[in-house]
Amino acid sequence: MVRTPLGRTSISVRSAITDNRTVSHPPVAPGAAYSVTIRLEAPTDPQLLPRIAQTVTSEGAVVVAMDLVDVSVGGAVVDVTLQAHDEAHVSRLEHALTAADMRVRNTSDRVFLYHLGGKIEVTPRRTVRTRDDMSMAYTPGVGRISTAIAEDPERAWRLTAKGTSVAIVTNGSAVLGLGNLGPLAALPVMEGKAVIFKQFGNVNAYPLCLDVPSTQALIDATLAIAPGFGGINLEDIKAPECFEVELALQAQLDIPVFHDDQHGTAIVVLAGLINACRLTGRELKRTRVVVVGVGAAGTAITLALIDAGVGDVIAVDKDGPLTRERPSTLPHHQRIADCTNPRGVTTLTDALKGADVFIGAAMRGSVDPELLWTMAPRPIVFALSNPVPEVFAEEMPDGALFATGRSDYPNQVNNSLCFPGFFRGALDARARSVTSEMKLAATRAIADTVTDEQLSVGVIIPSMFASNVHDRVAKAVAEAAGAPASKVDRA
């Protein structure tokens, strides 16, 4: 432990952005991501349930529920449902319970049980109960619909599910923060997105996990499946390939193409930053912002800040701040270098000194938390790496406004706030592309969902469960795309 520059005790994490060492950090809090039910057998004891609870909590886990399954002369069977830090923590809990004179009969991982059979299915909108139904739903009646669409392709928007359907396309090359796991391992993530699309935007979204050998093959495969959809949501495709894929598809398709890891994240970040400035009395355009990480999300966030008029943005990659003088072999890095870092700062230390805003889009260890104590008073810190953020709230000075990508901290920066409503609005307007006006409209809609009465250190970003946020985003995007959402036929 060391004393920070401001005299507060903090965990020492001496790590520059070029340092790949393993760094210490506060343990990840127990949560639903590691939720298990352990079935125990133990001798009958009036104090059994309190003893179980004490054993579990003394090991740092959270008891969610305890169910007495069976009691007999020979003993009791108890199901204890708990939340742990990780799989190793679950193992330690099993050993602790065994040491406390209990036998672990079975441990059920609730997350794996949640995913059994997958998370999505196709539900028909029309029923087939009679011969007449069959004749209309399928042959021969459906042939008339096919002929009508061949004669006028625009009729597909009304006579098929095209107008309510989005393809979620990935090659699995950048799955969450886990890296290149491939298309099959990406499937549960895409299913999760499909659930969110339907529940919050009433959009039918279909996971398309493509096993392709190259970037061009990914582009070609997506072009081939595009006719059946009203929009394309690109997901978990690594940089810089993701930029090429998005640009190529949008240039050749007449439906919106939206890389959520880029633009969805940038929209929510900018919405949160607008409200953070409201709360701290800052003017967004006059803030000094440091973005660490210049991949898909970091690039989009940086460009969104520039579009919003922020004049002093410094983008930092593994080699330090991007500058016009430092050549880059990556086109998106050069593009960022050409429009940022007006003071020519060359070190992360100097970049953070006096800065108003830190946005992390990299990984734990990419910044020394102690450097954030040199920022301006009441700094705004968005640590977005998931599941382990660049810094933790416990490492920040008092008064810092803190946001992460995690659900167990306030102010979760979650692109789920954006994409259901964004695509709902784009489909309602039958948009042919994604425009900067649509993205700005979504940003404003999310920011304005937080009222003056709600705005506080713990509420600068609305919850994705806020009752009106997705409808507000859909309406704003539809209007920005040129069609009032209230007048769009959603048949």
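Strand 12 and strand 13 form a hairpin, with two residues between them. The model examined here is predicted.

- Strand 13 (residues 320-321) runs antiparallel to strand 12 and is joined to it by two bridges.
- Within this pairing, D317 has G320 of strand 13 as its bridge partner.
- Strand 11 (residues 288-292) also pairs with strand 12, here in the parallel sense and over five bridges.
- V291 finds its bridge partner in strand 12, namely A315.
- Between strand 11 and strand 12 the chain passes through helix 11 (residues 296-307), and this β-α-β crossover is right-handed.

**The open sheet and its helices**

- Four strands make up an open sheet in the order 4-5-3-6, and their pairing is antiparallel.
- Strand 4 (62-72) and strand 6 (103-109) are the edge strands, each pairing on one side only.
- On average, neighbouring strands of this sheet are turned by 15° against each other, direction ignored.
- Helix 1 (residues 48-58) packs on the sheet and touches strand 3, strand 4 and strand 5 (75-83). The direction of helix 1 makes about 35° with that of strand 5.
- Strand 3 (residues 35-42) pairs with strand 6 in the antiparallel sense over six bridges.
- Along this pair, L40 stands opposite V104 of strand 6.
- Helix 2 (residues 87-99) lies across strand 3, strand 5 and strand 6, and runs at about 160° to strand 6.

**Salt bridges**

- The count for the model comes to 17 salt bridges.
- One of them joins the side chains of E235 and K193, at 2.8 Å from N to O. The pair links distant parts of the chain, 42 residues apart: E235 is in the loop between strand 9 (231-234) and helix 9 (241-252), and K193 is in helix 7 (residues 183-201).
- E235 counts as buried because its relative accessible area is 5%, and K193 counts as buried because its relative accessible area is 6%.
- R278 forms a salt bridge with D452, with 2.6 Å between the closest N and O atoms. R278 lies in helix 10 (residues 260-280) and D452 in the loop between helix 15 (436-449) and helix 16 (469-480), so this pair ties together parts that are 174 residues apart in sequence.
- R278 has a relative accessibility of 34% and therefore counts as partly exposed, whereas D452, at 62%, counts as exposed.
- The side chains of E395 and R364 meet in a salt bridge of 3.0 Å, N to O. E395 lies in the loop between strand 15 (380-383) and strand 16 (401-404), and R364 in the loop between strand 14 (357-360) and strand 15, so the pair ties together parts that are 31 residues apart in sequence.
- Both E395 and R364 are buried.

Methods:
Residues are numbered from 1 along each chain as its sequence is written. This is a predicted model: local features need pLDDT of at least 70, side-chain atom pairs count only at pLDDT 80 or more; totals for chains, interfaces and linings use all residues. Side-chain values use heavy atoms; hydrogens and water are left out. Two strands pair if DSSP finds at least two bridges between them. Axes are lines fitted to C-alpha atoms, for helices over the stretch in contact, and angles run from 0 to 180 degrees between N-to-C directions. Contact means heavy atoms within 4.5 Å. A salt bridge is a side-chain nitrogen of Lys or Arg within 4 Å of a carboxyl oxygen of Asp or Glu. Buried means under 20% relative accessible area, exposed over 50%, partly exposed in between (1.4 Å probe, protein chains only). A crossover is right-handed if, with the strands pointing away from the viewer, the path from the first strand over the helix to the second runs clockwise.
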